[in-house]
Amino acid sequence: MAYSTEKLNEEKVFKDPVHRYIHVRDRAIWDLIGTKEFQRLRRIKQLGTTYLTFHGAEHSRFNHSLGVYEIVRRIIDDVFKDRKEWNNSQRLLSLCAALLHDLGHGPFSHSFEKVFDLDHEQFTQDIILGDTEVNQVLSRVAEDFPKRVAEVIGKTSKEKLVVSLISSQIDADRMDYLLRDAYFTGVSYGNFDMERILRVMRPREDQAVIKQSGMHAVEDYIMSRYQMYWQVYFHPVSRSAEVILTKILHRAKHLHEQFYSFIHHPTHFYSIFEDETSLEDYLKLDESIILYYFQMWQEEEDEILRDLCRRFMNRNLFKYVEFDPAKEYKMLAELSKAFTEIGLDPEYYLVVDSSSDLPYDFYRPGEEEERLPIHLLMKNNEIRELSRESEIVDSISGKRRTDHKLYFPKDILKDDREHKEAKMRIRQLLDIN
Amino acid sequence: MNAIAASGEIIGRKKLQKMIYIAKKLDFPFHEKYQFHFFGPYSEELTLRIEELCNMGFLNELKEKKGGYYQYRYTLTENGQEFLEQNKVEMPALPSCLEDMNSQNSRFLELVSTVLFFDSLEKEEVQEKVFTLKSKQKYTVEEVETAYQYIDALKGMAKQ
């Protein structure tokens with residue numbers, strides 16, 4: 001039997017709190033799950049530092065990747081399978097792309113990528129196309145199969161319908177992470193009726209569209225997305241942890257460049273600090289490694305690195321005030337000067353964080369061909385953009401949604417044993433007691 | 001903001017997206033992350049930055065109804081001008097590149113940015129990508145060739 005169609009003797013099932021069961025019947029999918037590159041995702045949390053705000057949010061990218069696979073499997077096997085617009089020879093391609101779409105994520109991906117100018121999507125491509133166990137499994141399907149999977153994930157595949165199942169404004173990736181993140185954070189607003197959405201999805205040449213009768217389920221999904229962004233993803237306390245994490249990485253890199261002698265040498269970071277990250281080095285990184293260094297660096301001689309690591313490990317985070325960069329940029333310069341006067345380096349202890357820095361987006365109706373919108377399939381077979389039919393979606397699309405915060409160590413500013421007057425002035429500027 | 005100041009006015013979000021992507025590929029210091037989307041390279045981060053700058057009152061966004069859709073027109077406000085003067089970033093070659101791009105239509109810029117997105121591939125493979133991924137735009141071989149020539153011209157301009 002050809003490897004591409006080979007089935008396991010017995011179906012394997014994973015218990016899953018979100019989808020109840022994840023079903024695996026294809027040999028190739030089972031083999032991919034067993035590769036070391038895929039198993040590495042167990043050691044990378046889906047929501048990075050959010051567990052410091054919502055203590056349940058300890059779920060991993062491994063859980064999420066299996067979830068995305070399961071959603072795509074259900075769309076294909078339960079809804080698309082016998083429809084003339086769907087070509088079932090794309091089934092394995094779709095399932096592999098769904099399973100592997102986040103393969104290149106690193107530890108605390110978002111901060112890591114910002115500080116070291118890395119791109120997890122490029123690493124996903126490199127893992128699929130490089131000398132890896134994942135590549136070996138995919139190559140058994142067909143010689144060009146790794147490239148085809150990589151193109152679907154990179155959204156440069158000509159199979160646009162398959163791409164849209166994994167990357168569009170209503171795709172398996174978003175549906176899984178909204179439900180999963182809501183479940184593990186314990187919030188109640190991320191829920192929506194996914195089963196209903198899957199049942200009303202219909203394949204078309206370029207994308208999956210939604211039957212008009214399913215519009216209300218999609219409205220619920222858009223509202224969940226909106227709520228989750230403000231309540232969970234943009235949560236100011238998680239952002240504070242992210243700010244500290246980013247500053248630790250900056251500080252460690254800076255110290256390395258200054259030939260600082262670490263008590264605990266950052267062996268795993270050397271190639272990243274020197275901008276020569278190989279795939280092999282990258283794959284050795286996971287969150288347990290990073291947290292190990294943070295734990296050790298709490299004893300470093302460098303005061304800033306030591307303090308930031310202690311803050312992160314013991315959850316002594318920065319506090320924040322709302323900040324309007326347009327009106328208050330002069331005040332920021334004043335604060336920066338005052339921080340220097342009291343011996344706090346503003347580069348590390350006075351940080352503006354904007355919601356646009358976060359890797360989440362809202363629904364956009366695709367005006368001027370920016371992004372492909374969600375399309376409804378009307379009863380007369382016409383295709384209509386969602387926000388033109390739904391008043392609810394229209395009311396939250398295109399609204400102003402930017403937010404800036406200024407982070408600082410309030411505990412130090414409140415300690416009047418040193419620099420009492422300067423600290424009082426800073427507190428007045430920040431309008432904190 | 002510098003980009004809009006240098007261009008005077010940019011009409012269309014799609015055009016703005018493609019102009020910044022092309023400038024980024026010419027090694028100008030734009031850090032917004034781009035991905036390939038249905039309509040070519042697109043940056044959600046850039047969309048949000050523009051929204052932020054509008055909210056701050058540094059950019060002016062004018063929404064105009066044009067046929068069956070809306071078009072957006074971006075200009076720098078007085079506050080934006082003042083902010084830029086206080087935070088000068090020297091990029092001497094940028095204005096001429098942007099002015100030139102701004103004089104092109106967004107369909108052509110979509111082609112140029114797509115060619116640049118696949119710049120690690122051979123020319124024949126790039127052509128194939130353009131014809132399969134952008135089949136609805138019906139680009140011709142001559143247009144792809146013109147895009148390559150235009151990229152060379154921009155690279156020359158960026159070095160000056």
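In this predicted model, chain B contains an open sheet of three strands, arranged in the order 1-5-4 with antiparallel pairing. The edges of this sheet are formed by strand 1 (9–11) and strand 4 (59–66) of chain B; each has a single partner strand, so one side of each is left without a neighbour in the sheet. From one strand to the next, the twist averages 20°. Strand 1 of chain B runs antiparallel to strand 5 (residues 69–76) of chain B, and three bridges join the two. Within this part of the sheet, B:I10 stands opposite B:Y74, a residue of strand 5 of chain B.

**A sheet in chain A**

Chain A also has an open sheet of three strands, with the order 5-9-6 and antiparallel pairing. Strand 5 (319–322) and strand 6 (351–354) of chain A are its edge strands; since each has a single partner strand, one side of each is left without a neighbour in the sheet. Neighbouring strands here are turned by 30° against each other on average, with direction ignored. Four bridges link strand 5 of chain A to strand 9 (residues 404–408) of chain A in the antiparallel sense. In this pairing, A:K319 stands opposite A:F408, which belongs to strand 9 of chain A. A helix also packs on the sheet: helix 13 (residues 236–257) of chain A touches strand 5, strand 6 and strand 9 of chain A, and its direction makes about 55° with that of strand 9 of chain A.

| Sheet | Strand order | Pairing |
|---|---|---|
| Chain B | 1-5-4 | antiparallel |
| Chain A | 5-9-6 | antiparallel |

**Domains of chain A**

The domain assignment divides chain A into domain 1 (3–233) and domain 2 (236–357 + 403–430). Taken over C-alpha atoms, the centres of domain 1 of chain A and domain 2 of chain A are separated by 33 Å. Their contact takes 24 residues from domain 1 of chain A and 21 residues from domain 2 of chain A. On the side of domain 1 of chain A that touches domain 2 of chain A, the elements giving two or more residues are helix 5 (109–116) and helix 6 (120–129) of chain A. Helix 5 of chain A supplies the largest share of that side, with six residues. By class, this side of domain 1 of chain A has ten nonpolar, eight polar and six charged residues.

**A helix pair in chain A**

Helix 10 (residues 172–185) and helix 12 (residues 215–233) of chain A pack with their axes 11 Å apart, at an angle of about 50°. That angle makes helix 10 of chain A oblique to helix 12 of chain A. The crossing of helix 10 and helix 12 of chain A is left-handed. Helix 10 of chain A makes the contact through A:R174, A:L178, A:D181, A:A182 and A:T185, while helix 12 of chain A contributes A:S224, A:R225, A:M228 and A:V232. The residues of this contact between helix 10 and helix 12 of chain A comprise four nonpolar, two polar and three charged.

**Contact between the chains**

Between the chains, 17 residues of chain A are in contact with 29 residues of chain B. On the side of chain A that touches chain B, three residues are nonpolar, five are polar and nine are charged.

Notes:
Residues are numbered from 1 along each chain as its sequence is written. Chains are lettered from A and ligands numbered from 1 in the order in which they are written. This is a predicted model: local features need pLDDT of at least 70, side-chain atom pairs count only at pLDDT 80 or more; totals for chains, interfaces and linings use all residues. Two strands pair if DSSP finds at least two bridges between them. Axes are lines fitted to C-alpha atoms, for helices over the stretch in contact, and angles run from 0 to 180 degrees between N-to-C directions. Domain bounds come from an automatic or database domain assignment. Two residues are in contact if their C-beta atoms, placed from the backbone, lie within 7 Å. Ala, Val, Leu, Ile, Met, Phe, Trp, Tyr, Cys and Pro count as nonpolar, Asp, Glu, Lys and Arg as charged, and the others, Gly among them, as polar. Angles under 35 degrees count as roughly parallel, over 145 as roughly antiparallel, 65 to 115 as roughly perpendicular and the rest as oblique. A crossing is left-handed if the near helix is turned anticlockwise from the far one by less than a right angle, and right-handed if clockwise.
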